[in-house]
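Subject: Structure handover

Hello,

Here is the structure I promised to pass on. Please have a look at it before reading my notes.

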Amino acid sequence: MHYSGSCHCGAITYQFESEEFAAGLRCNCSMCRKKGALMSAFTIPVDALALDVKDDALATYTFNSHQVKHHFCNVCGIYTFHKSKVTGGYRLNLGCIDNLDTDNLPFTVFNGANLPSITES
Ligand SMILES: [Zn+2]
């Protein structure tokens with residue numbers, strides 16, 4: 001499937017090819033509880049994401065182990081994707097992907113809250 005996506009203001013846009021998103025992932029760690037995003041159940045290889053960023057809008061937040069790079073738009077504040085510590089790929093905010101009906105996707109919950117040494121997916 002060919003997908004495109006963006007943050008809210010459009011400073012960050014991207015395109016990629018992947019298998020279809022048939023399910024999502026939520027996480028109950030301290031950050032994801034506040035973020036509330038439905039994420040991709042699988043990650044995309046970093047070099048598979050054709051990213052177009054205007055005006056250095058792509059910001060990065062880290063916490064705890066600081067090994068997971070949580071990326072967001074520094075203009076509109078939207079979380080777009082993060083770089084997974086486990087796979088090294090990008091886990092995507094499915095809400096940022098064009099024409100994807102996230103309201104009807106089943107999802108699993110990653111128990112990040114109870115993995116003290118990992119806490120982030
Ligand atoms: Zn933005």
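Below is what I found, starting with the whole chain and ending with single residues.

This is a predicted model: local features need pLDDT of at least 70, side-chain atom pairs count only at pLDDT 80 or more, and totals for chains, interfaces and linings use all residues. Residues are numbered from 1 along each chain as its sequence is written, and side-chain values use heavy atoms, with hydrogens and water left out.

**Overall fold**

Along the sequence the order is β-β-β-α-β-β-β-β-β-β-β. The radius of gyration is 13 Å, close to the 14 Å from the globule rule for 121 residues, so the chain is as compact as a globular protein of that length. That radius is taken over C-alpha atoms, and the rule is 2.2 Å times the number of residues to the power 0.38. The C-alpha atoms fill a box of roughly 35 × 30 × 25 Å along the principal axes.

Buried residues make up 40% of the 121 residues. Buried means under 20% relative accessible area, exposed over 50%, and partly exposed in between (1.4 Å probe, protein chains only). Among contacts with a separation of 6 or more, 56% join residues 24 or more positions apart. A contact means heavy atoms within 4.5 Å.

**His 71**

His 71 sits in strand E7 (residues 69-73). His 71 counts as buried because its relative accessibility is 9%. Its side chain makes a polar contact of 2.9 Å with the side chain of Thr 60. Such a contact is a pair of N or O atoms within 3.5 Å; within protein, one must be able to donate a hydrogen and the other to accept it, and residues adjacent in sequence count only if both atoms are side-chain atoms. Leaving out residues up to four places away in sequence, His 71 touches several others, including Leu 58, Tyr 79, Phe 81 and Tyr 90.

Asn 64 lies in the loop between strand E6 (58-61) and E7. His 66 is found in the loop between E6 and E7. Neither is a glycine, yet phi is positive: near 55° for Asn 64 and about 60° for His 66. Asn 64 is partly exposed at 42%, and His 66 is partly exposed at 42%.

**Cysteines**

How many disulfides does the whole structure hold? The search finds zero, taking a disulfide as a pair of cysteine sulfur atoms within 2.5 Å. Cys 7 is buried at 5% relative accessibility, and Cys 73 is buried at 1%.

Best wishes

How values were computed. Helix = DSSP H or I, 4+ residues; strand = E, 2+ residues; numbered from the N terminus.
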